[in-house]
Amino acid sequence: MTARSTQNKRKRFDPVLLLVLLLIVFLTGLLVQVILATDYLGSGLGDDVARFQDLSGVESPVTAVLLNFRGYDTLLEVMVLLMAVVGVWSLTRAPFPKKPIEPGPIQLAVVRLLAPLMVLFSFYLVWQGSHLAGGAFQGGAVLGGACVLMLVSELPWLKNISSRFLRIGLLSGPLVFLGVAILCIVLQGTLLDYPQEWVGTLLLLIETACAVSIGLTLACLFAGGRPKDDLSGGRKR
Amino acid sequence: MITNMLYSLGGLLLFIMGLFALIACSHPLRKILAVNVMATGVFLILIATAYKQAGAGEIDPVPHAMVLTGIVVSVSVTALALILACRVQETSNRSLSQQRKNDFTGAGE
């Protein structure tokens, strides 16, 4: 690692690095062959999804795949998000400044104007997910953006939010999803096999809860730690 | 057809660049960025596979759904990795500036 060529000023030629470079060039060649051999003209799973679209309870194919056909996958991914927040919260406390910073008047006005609009738009996206592009993940991302906007403008009440409300919000998506999945076991006998007459309502319920929880997850990850009153008896950061 | 292939090759390029940086750089922040670049390459390949020209039949929504969830998961993974990197910096005796000298790219010199 410390070996360096004598007159080369630009870069050290490390034998290990050279080996890595060779291996990566080799891998690139293999992957290019894979891409050249891929059949892009086949319809993949598009026809299959279109055939069972009517059974899914929603009109948008992406939402149908996300929450109905591959619902198990999405359930686990929502759990992954929850685990990420648990990991971040258990590591550090959110680094809010000790002394509150007064945000400028223009910033405050913009945040006051934008944040409610973004929250409204996020739920509109969730609602739109049943027939057009949109859904829990897009709505959650916009909701998270609204929360981040409030976080960066250091609104003074934000750091006093009780961790109980945050926990309820973070858990709402996974819990509702899991509850519906268990309800499906009770009613139908199979996990995530939605009863046909309520499927649209159930999907919208799951999407709304997941959007809230995804938005809060993103905001909590941005805040970078647990809130002030969470585990306050624990080790100081 | 040619569009799919071009975008796929672009995604492959991103993936390879990220992979090389992941191996060659020792700084945690660079590793995190490299993983993100790799993930972006994979998303690009997935989306390029699903792309259909107008009127060429049904689109394949499965890769779209996978990318949609993948983006949010990759954001949360990045956040967790950043927090872990901060903890490593706080708790380790070696400072990160010292580590940078061992970086293969030699950018820290």
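Student: What makes you say how far chain B can be trusted?

Tutor: This is a predicted model, so we look at pLDDT, the predictor's confidence on a scale from 0 to 100. Chain B averages 83, and 80% of its residues score at least 70. For the model, the scores are ipTM 0.80 and pTM 0.82. One caution: where pLDDT is low, the predicted coordinates should not be read in detail.

Student: How do you know which residues are in the contact between chain A and chain B, and how many are there?

Tutor: Contact means heavy atoms within 4.5 Å. By that rule, chain A brings 46 residues and chain B brings 42. Putting the chains together buries about 3900 Å², and carbon and sulfur atoms give 78% of that area.

Student: Which elements of chain A take part in that?

Tutor: Those giving two or more residues to the side that touches chain B are α1 (15–37), α2 (46–51), α4 (61–69), α5 (71–91), α7 (136–152) and α9 (199–223) of chain A. The most comes from α1(A), with 10 residues. Sorted by type, that side of chain A has 28 nonpolar, 10 polar and 8 charged residues.

Student: With charged residues there, how many salt bridges does the rule find across the interface?

Tutor: The count is 0. To qualify, a side-chain nitrogen of Lys or Arg has to lie within 4 Å of a carboxyl oxygen of Asp or Glu. As for polar contacts between chain A and chain B, the count is 1 residue pair, with both residues at pLDDT 80 or more.

Student: What is chain B built from?

Tutor: Chain B has 4 helices and 0 strands, so along the sequence the pattern reads α-α-α-α. Among its contacts with a separation of 6 or more, 64% join residues 24 or more positions apart.

Student: Why is Ser74(B) called buried?

Tutor: The cut-off for buried is under 20% relative accessible area. Ser74(B) has 16%, which is under that limit, so Ser74(B) counts as buried. Across chain B, 39% of the 109 residues get that label.

Student: Where does Ser74(B) sit, and what does Ser74(B) touch?

Tutor: Ser74(B) is in helix α3 of chain B, which covers residues 61–91. Leaving out residues up to four places away in sequence, Ser74(B) touches Asn36(B) and Phe43(B).

Conventions: Residues are numbered from 1 along each chain as its sequence is written. Chains are lettered from A and ligands numbered from 1 in the order in which they are written. Side-chain values use heavy atoms; hydrogens and water are left out. Buried area is the accessible area (1.4 Å probe) that two parts lose on being put together, summed over both. A polar contact is a pair of N or O atoms within 3.5 Å; within protein, one must be able to donate a hydrogen and the other to accept it, and residues adjacent in sequence count only if both atoms are side-chain atoms. Ala, Val, Leu, Ile, Met, Phe, Trp, Tyr, Cys and Pro count as nonpolar, Asp, Glu, Lys and Arg as charged, and the others, Gly among them, as polar. Buried means under 20% relative accessible area, exposed over 50%, partly exposed in between (1.4 Å probe, protein chains only).
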